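Here is a guided look at a protein model with its sequence. Take a moment to turn the model around before you read on.

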Amino acid sequence: MYVPDFLAYGGLLMVSLQRSQTDQKIPKLKLNPMTRRAKRDAFTFALFTFPNFLLLTVFVFWPIFYSLFLSFFKWDMIAPKKRFIGFENYRVMFNDPVFWLITRNTLILSVWVVVLKLAISLSLAMVMNRDLKGRSFYQAIIFSPTFTTSVAVAMVWRWILEPDYGLLRVFMRPFGIAPINWIESTTHSLPAVIIVLIWVGIGYDMVIFLAGLKNIPPELYDAGLVDGVSPMQEFIHITFPLLSPTTFFLTITGFISALKSFDIIAILTGGGPLNTSNVLVHFLYENAFRWFKTGYASALALLLFIVIMAITLVQNRLSKRWVHY
Amino acid sequence: MARIVFGKKRPSWFIGRTFTHLVLIFFALAVGLPFFWMLTTALKNPVEVATFPPIWWPKTIKWDNFSKAWSTAPFGRFYINSFVTAITGVLLEVSIAALSAYAFACIRFKYRDFFFLVMLAALMIPSQIALIPNYVILSKLKWINTYKGIVIPYVSSVFGTFLLRQYFLSVPSSLYEAAEIDGLSHFKTLTYIALPLAKPVLGTLVLYIFIGKWNNYLWPLIVTTKQRMRTLPVGLAMVRDAEYAIGPEHLMAAAIFVLVPVLIVYFFSQRKLIEAIAAGAVKG
């Protein structure tokens with residue numbers, strides 16, 4: 001599930017660029033709208049884009065409005081009649097301690113995953129950013145979890161984190177750490193999820209950072225060399241500022257996809273124990289398809305939509321101010 | 001000639017070559033070990049599985065773990081379901097993307113840019129918001145537990161359209177003009193000129209979409225309730241939840257069933273896949 005997500009957001013970041021690009025690249029054609037040619041072209045345009053827009057309308061745009069509609073009703077998805085209850089679902093949501101616990105989990109998880117992933121992958125990219133034997137081999141291995149089925153990955157990790165015979169115990173024992181029952185512990189289940197999500201994600205961030213590093217003109221480092229800067233100064237004054245667009249991109253997209261985590265959590269901990277590792281999307285799934293609280297789940301979905309929309313819009317605004325060198 | 005004196009200086013980050021390799025080997029192991037652990041577990045006997053400190057490689061390889069795992073659920077059927085849905089999904093999505101990408105790149109239309117922005121807006125919408133509405137739509141259409149139901153809601157394409165459009169635009173416009181002068185219809189220009197030229201990017205796109213669909217868990221989980229309609233990830237998850245407890249060695253063997261096609265694709269095309277990611281990001 002990770003793949004389509006980052007594809008989407010890779011494109012998303014190009015949206016802001018797109019506006020200016022469309023204006024520059026294609027000369028605006030002043031066509032007489034009455035010509036037969038223009039009419040025929042308009043018809044072909046409609047024909048070619050119809051399947052895409054039909055599907056987008058039905059399965060992407062319409063669901064926003066339908067979710068909004070459903071969030072005002074009490075419905076179990078089976079009964080022929082939906083009962084209108086106004087803002088009751090939202091009132092229940094904001095008064096539900098479980099909801100707040102889950103919101104807290106989601107935020108804690110997202111922040112830790114993004115921060116640690118960025119730190120590790122940036123260090124890796126900098127270490128790797130030189131002529132090195134076997135570079136593409138390392139890269140291929142570290143990148144591989146990006147593509148592997150998360151259900152299978154989560155199952156392997158469940159077995160790795162198993163307290164008695166799990167692989168992780170081998171590495172904890174030399175440090176004198178007692179076996180931890182990661183999955184069934186209220187304090188360790190969320191960290192377990194964070195570890196796995198970092199494991200899955202560092203390869204992608206690393207590849208993007210490497211691309212960003214490659215884009216820094218080598219002349220700048222030459223200039224630094226002339227001025228005799230220390231490696232630390234080099235990092236603070238050259239590498240990091242010039243990398244800020246990449247870091248910004250990875251922070252935003254990483255945060256959004258962490259907010260939407262589902263697969264790994266569903267298999268690894270199932271949100272348990274006692275919701276201590278439950279997150280928004282998994283809670284939404286449980287409400288909608290296990291407990292059939294359609295209205296309540298729709299309210300949750302709408303909340304997720306608003307949060308992600310807000311982040312995206314803020315990102316569009318801020319990208320011009322934050323990203324500078 | 002400053003460039004020659006300094007060469008292509010890359011920052012050295014305090015550390016030598018050997019240390020660099022040590023760091024990278026550490027991380028490669030950290031990422032690779034879980035895969036190795038999965039394989040070695042799948043080959044052990046139950047006694048070796050429940051041993052601490054663990055046995056890194058079993059004395060005698062227990063191949064019949066795989067046949068045992070295969071028989072715990074209709075994995076053959078899951079394979080068929082996964083392949084049918086992923087392949088038809090890829091074909092539909094790429095066709096839809098190619099058609100609309102061509103329209104946005106090469107067909108003159110007054111409101112083209114407006115529609116393009118409308119389409120791009122779809123990127124901002126998290127697919128999770130659509131789970132309930134789409135389920136309701138599909139149950140009204142009686143598409144629950146069908147291939148159509150698994151495939152159709154997710155074949156609209158924004159990113160693919162975007163990517164292909166960029167590529168179509170990079171082709172010299174004289175080629176399209178020549179086609180127009182020769183009286184080629186738009187559809188023929190797309191199939192005979194634009195698409196063949198876009199082959200490299202098309203290949204990567206197909207791989208990405210295929211892997212994405214193969215790995216998808218949440219939607220097939222929701223839209224299938226009958227065992228015979230489940231795709232591999234859902235089937236695998238159900239095996240774990242099933243009442244008959246199976247050992248970790250069988251579970252790992254079953255996980256390998258799911259991963260094998262993805263790993264094969266990755267093994268043969270990882271360079272291309274990684275390059276595509278890097279290239280896309282630089283633009284951002």
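## Ground rules

The model is predicted, so to speak of local features a pLDDT of at least 70 is needed, side-chain atom pairs count only at pLDDT 80 or more, and totals for chains, interfaces and linings use all residues. Residues are numbered from 1 along each chain as its sequence is written, chains are lettered from A and ligands numbered from 1 in the order in which they are written, and side-chain values use heavy atoms, with hydrogens and water left out.

## The two chains

Let us begin with chain A. It has 13 helices and two strands. Helices (H or I, at least four residues) and strands (E, at least two) are DSSP runs, numbered from the N terminus. Of the 325 residues in chain A, 57% are buried. Buried means under 20% relative accessible area, exposed means over 50%, and partly exposed lies in between (1.4 Å probe, protein chains only).

Chain B has 15 helices and zero strands. Buried residues account for 55% of its 284 residues.

The table sets out the accessible surface, which comes from the Shrake-Rupley method with a 1.4 Å probe; for residues, only the protein chains shown count as cover.

| Chain | Accessible surface | Share from carbon and sulfur atoms |
|---|---|---|
| Chain A | about 14800 Å² | 68% |
| Chain B | about 12700 Å² | 69% |

How do contacts (heavy atoms within 4.5 Å) run along the sequence? In chain A, 70% of the contacts between residues at least 6 apart in sequence join residues at least 24 apart. For chain B, 70% of the contacts between residues at least 6 apart likewise join residues at least 24 apart.

## Helices

Two packed helices are described by the angle between their axes and the distance between the axes. In chain A, the axes of helix H4 (residues 97-128) and helix H10 (residues 231-259) come within 10 Å and cross at roughly 145°. Axes here are lines fitted to C-alpha atoms, for helices over the stretch in contact, and angles run from 0 to 180 degrees between N-to-C directions. The crossing of H4(A) and H10(A) is right-handed; a crossing is right-handed if the near helix is turned clockwise from the far one by less than a right angle, and left-handed if anticlockwise. Residues that make the contact include Leu107(A), Val111(A), Val114(A) and Leu118(A) of H4(A), and Phe240(A), Leu243(A), Leu250(A) and Gly254(A) of H10(A).

In chain B, look at helix H14 (residues 232-241). Seven of its ten residues are buried, so this helix is largely enclosed by the rest of the structure. Among the buried ones are Leu232(B), Pro233(B) and Val239(B).

## Where the chains touch

Thr294(A) lies in helix H13 (residues 294-322) of chain A. Is Thr294(A) buried or exposed? At 0% relative accessibility, Thr294(A) is buried. Leaving aside residues up to four places away in sequence, Thr294(A) touches Leu70(A), Trp75(A), Asp76(A), Met77(A) and Ile132(B).

Met77(A) sits in the loop between strand E1 (73-74) and strand E2 (83-84) of chain A. Its phi is near 75°, a positive value in a residue other than glycine. Met77(A) is buried, at 13% relative accessibility.

On the other chain, Ala122(B) lies in the loop between helix H6 (112-121) and H7 of chain B. Ala122(B) is buried at 9% relative accessibility, and it touches Leu56(A), Val60(A), Phe61(A) and Val158(B), not counting residues up to four places away in sequence. Ala122(B) and Ser157(B) are 35 residues apart in sequence and 9.5 Å apart in space, C-alpha to C-alpha.

Which residue does a cis peptide bond join to Gly272(A)? The partner is Pro273(A), and omega is about -15°. Pro273(A) is in the loop between helix H11 (263-268) and helix H12 (280-290) of chain A. In chain B, a cis peptide bond joins Phe52(B) and Pro53(B), with omega about -5°. Pro53(B) belongs to the loop between H3 and H4 of chain B.

Asn145(B), in the loop between helix H7 (131-140) and helix H8 (147-151) of chain B, has a phi near 60°, a positive value in a residue other than glycine.

Trp57(B) is partly exposed, with a relative accessible area of 42%, and is found in the loop between helix H3 (46-49) and helix H4 (64-72) of chain B.

Terms used
Contact means heavy atoms within 4.5 Å.
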